[in-house]
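Reader: I would like to go through the terms used for this model one at a time, and to ask what stands behind each of them.

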Amino acid sequence: MPLRMMRYLDLALLALALPIFLAADLPVLGWVGAAVGWLVQRGVQVLIESRARASDDPRTVAGLLTGSMIARGWIVAGSIFVVGLSEREAGLSAAILSITLFTFYFTGQLIGRPFEERR
(Lines give C-alpha, C1' and ligand atoms only; values in the text may rest on other atoms or scores of the structure.)
Protein backbone atom coordinates (compact mmCIF):
# COMPACT_ATOMS: atom_id res chain seq x y z
CA MET A 1 0.00 0.00 0.00
CA PRO A 2 2.68 2.62 0.83
CA LEU A 3 4.42 1.95 -2.48
CA ARG A 4 1.18 2.46 -4.40
CA MET A 5 0.79 5.79 -2.63
CA MET A 6 4.10 6.86 -4.17
CA ARG A 7 2.20 7.26 -7.45
CA TYR A 8 0.30 10.17 -5.88
CA LEU A 9 3.26 11.88 -4.24
CA ASP A 10 3.07 14.72 -6.76
CA LEU A 11 -0.52 15.51 -5.79
CA ALA A 12 0.40 15.60 -2.10
CA LEU A 13 3.27 17.95 -2.96
CA LEU A 14 0.90 20.17 -4.94
CA ALA A 15 -1.38 20.47 -1.90
CA LEU A 16 1.61 21.15 0.35
CA ALA A 17 2.89 23.85 -2.02
CA LEU A 18 -0.10 26.15 -1.48
CA PRO A 19 0.67 26.98 2.17
CA ILE A 20 4.33 27.38 1.21
CA PHE A 21 3.37 29.83 -1.55
CA LEU A 22 1.21 31.77 0.89
CA ALA A 23 3.80 31.80 3.68
CA ALA A 24 6.66 32.80 1.34
CA ASP A 25 4.51 35.50 -0.30
CA LEU A 26 4.99 33.94 -3.73
CA PRO A 27 2.50 34.78 -6.48
CA VAL A 28 -0.56 32.60 -5.92
CA LEU A 29 -1.30 32.90 -9.63
CA GLY A 30 1.81 30.79 -10.20
CA TRP A 31 0.46 28.05 -7.94
CA VAL A 32 -2.99 28.22 -9.57
CA GLY A 33 -1.54 28.04 -13.08
CA ALA A 34 0.73 25.12 -12.22
CA ALA A 35 -2.09 23.35 -10.35
CA VAL A 36 -4.57 23.71 -13.21
CA GLY A 37 -2.06 22.54 -15.80
CA TRP A 38 -0.89 19.65 -13.63
CA LEU A 39 -4.38 18.44 -12.71
CA VAL A 40 -5.61 18.67 -16.30
CA GLN A 41 -2.66 16.66 -17.59
CA ARG A 42 -3.15 14.06 -14.85
CA GLY A 43 -6.82 13.77 -15.85
CA VAL A 44 -5.81 13.30 -19.49
CA GLN A 45 -3.35 10.63 -18.37
CA VAL A 46 -6.04 8.68 -16.50
CA LEU A 47 -8.46 8.83 -19.45
CA ILE A 48 -5.90 7.82 -22.06
CA GLU A 49 -4.39 5.03 -19.94
CA SER A 50 -7.85 3.54 -19.39
CA ARG A 51 -8.47 3.57 -23.15
CA ALA A 52 -5.04 2.02 -23.74
CA ARG A 53 -5.71 -0.73 -21.19
CA ALA A 54 -8.99 -1.54 -22.93
CA SER A 55 -7.31 -1.96 -26.31
CA ASP A 56 -5.83 -5.23 -27.54
CA ASP A 57 -3.97 -3.67 -30.47
CA PRO A 58 -0.32 -2.87 -29.56
CA ARG A 59 -0.16 -0.11 -32.18
CA THR A 60 -3.21 1.59 -30.69
CA VAL A 61 -1.74 1.34 -27.19
CA ALA A 62 1.60 2.76 -28.32
CA GLY A 63 -0.09 5.56 -30.25
CA LEU A 64 -2.36 6.51 -27.36
CA LEU A 65 0.43 6.52 -24.78
CA THR A 66 2.85 8.41 -27.02
CA GLY A 67 0.26 11.00 -27.96
CA SER A 68 -0.71 11.34 -24.32
CA MET A 69 2.87 12.05 -23.24
CA ILE A 70 3.29 14.73 -25.89
CA ALA A 71 -0.09 16.34 -25.20
CA ARG A 72 0.47 16.35 -21.44
CA GLY A 73 3.80 18.11 -21.87
CA TRP A 74 2.14 20.76 -24.02
CA ILE A 75 -0.66 21.22 -21.48
CA VAL A 76 1.78 21.95 -18.66
CA ALA A 77 4.00 24.13 -20.86
CA GLY A 78 0.95 26.05 -22.06
CA SER A 79 -0.27 26.72 -18.55
CA ILE A 80 3.18 28.03 -17.55
CA PHE A 81 3.29 30.19 -20.69
CA VAL A 82 -0.15 31.71 -20.07
CA VAL A 83 0.67 32.48 -16.45
CA GLY A 84 4.04 33.92 -17.45
CA LEU A 85 2.40 36.22 -19.99
CA SER A 86 0.12 37.66 -17.33
CA GLU A 87 2.76 38.02 -14.61
CA ARG A 88 6.44 37.25 -15.05
CA GLU A 89 7.19 36.21 -11.45
CA ALA A 90 4.09 34.02 -11.37
CA GLY A 91 5.29 32.29 -14.54
CA LEU A 92 8.65 31.58 -12.93
CA SER A 93 7.06 30.19 -9.78
CA ALA A 94 4.66 28.08 -11.90
CA ALA A 95 7.61 26.71 -13.89
CA ILE A 96 9.59 25.82 -10.78
CA LEU A 97 6.57 24.18 -9.15
CA SER A 98 5.81 22.21 -12.33
CA ILE A 99 9.39 20.97 -12.59
CA THR A 100 9.29 19.95 -8.92
CA LEU A 101 5.95 18.17 -9.41
CA PHE A 102 7.31 16.31 -12.42
CA THR A 103 10.40 15.24 -10.49
CA PHE A 104 8.30 13.83 -7.65
CA TYR A 105 5.82 12.27 -10.11
CA PHE A 106 8.57 10.58 -12.12
CA THR A 107 10.33 9.31 -8.98
CA GLY A 108 7.06 7.95 -7.62
CA GLN A 109 6.36 6.17 -10.90
CA LEU A 110 9.83 4.61 -10.97
CA ILE A 111 9.52 3.35 -7.40
CA GLY A 112 5.86 2.26 -7.46
CA ARG A 113 5.41 0.84 -10.96
CA PRO A 114 7.28 -2.47 -10.43
CA PHE A 115 5.06 -3.29 -7.45
CA GLU A 116 1.73 -2.75 -9.23
CA GLU A 117 -0.56 -5.68 -9.84
CA ARG A 118 -0.80 -6.68 -13.49
CA ARG A 119 -4.32 -6.39 -14.88
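Reader: Which residues make the nonpolar surface patch?

Author: In this predicted model, the patch is made by L3, F102, F106, L110, I111 and F115, with an area of about 590 Å². Helix α5 gives the largest share of the patch, four residues.

Reader: Why is F106 called partly exposed?

Author: F106, which lies in helix α5, has a relative accessibility of 43%; buried would require under 20% and exposed over 50%, so a value in between counts as partly exposed.

Reader: What makes the contact of E49 and R53 a salt bridge?

Author: The side chains of E49 and R53 meet at 3.8 Å, N to O, and the cut-off is within 4 Å, so the pair qualifies. Both residues lie in helix α3, four residues apart, which is about one turn of the helix. R53 counts as exposed, because its relative accessibility is 54% and the limit for that class is over 50%.

Reader: How many salt bridges does the structure hold, and which parts does the pair D10 and R42 tie together?

Author: The structure holds two salt bridges. In one of them, D10 and R42 meet at 2.5 Å, N to O. D10 lies in helix α2 and R42 in helix α3, so this pair ties together parts that are 32 residues apart in sequence. Both D10 and R42 are buried, which means that each has under 20% relative accessible area.

Technical notes
Residues numbered from 1 in each chain as written. Predicted model: local features only at pLDDT ≥ 70, side-chain atom pairs only at ≥ 80, totals over all residues. Heavy atoms only, no water. Patch = residues over 30% accessible without salt bridge, like charges linked within 9 Å, V, L, I, M, F, W, Y side chains within 5 Å. Areas by Shrake-Rupley, 256 points an atom, 1.4 Å probe, with all protein chains shown as cover. Helix = DSSP H or I, 4+ residues; strand = E, 2+ residues; numbered from the N terminus. Buried < 20%, exposed > 50% of the residue type's maximum accessible area, 1.4 Å probe, protein only.
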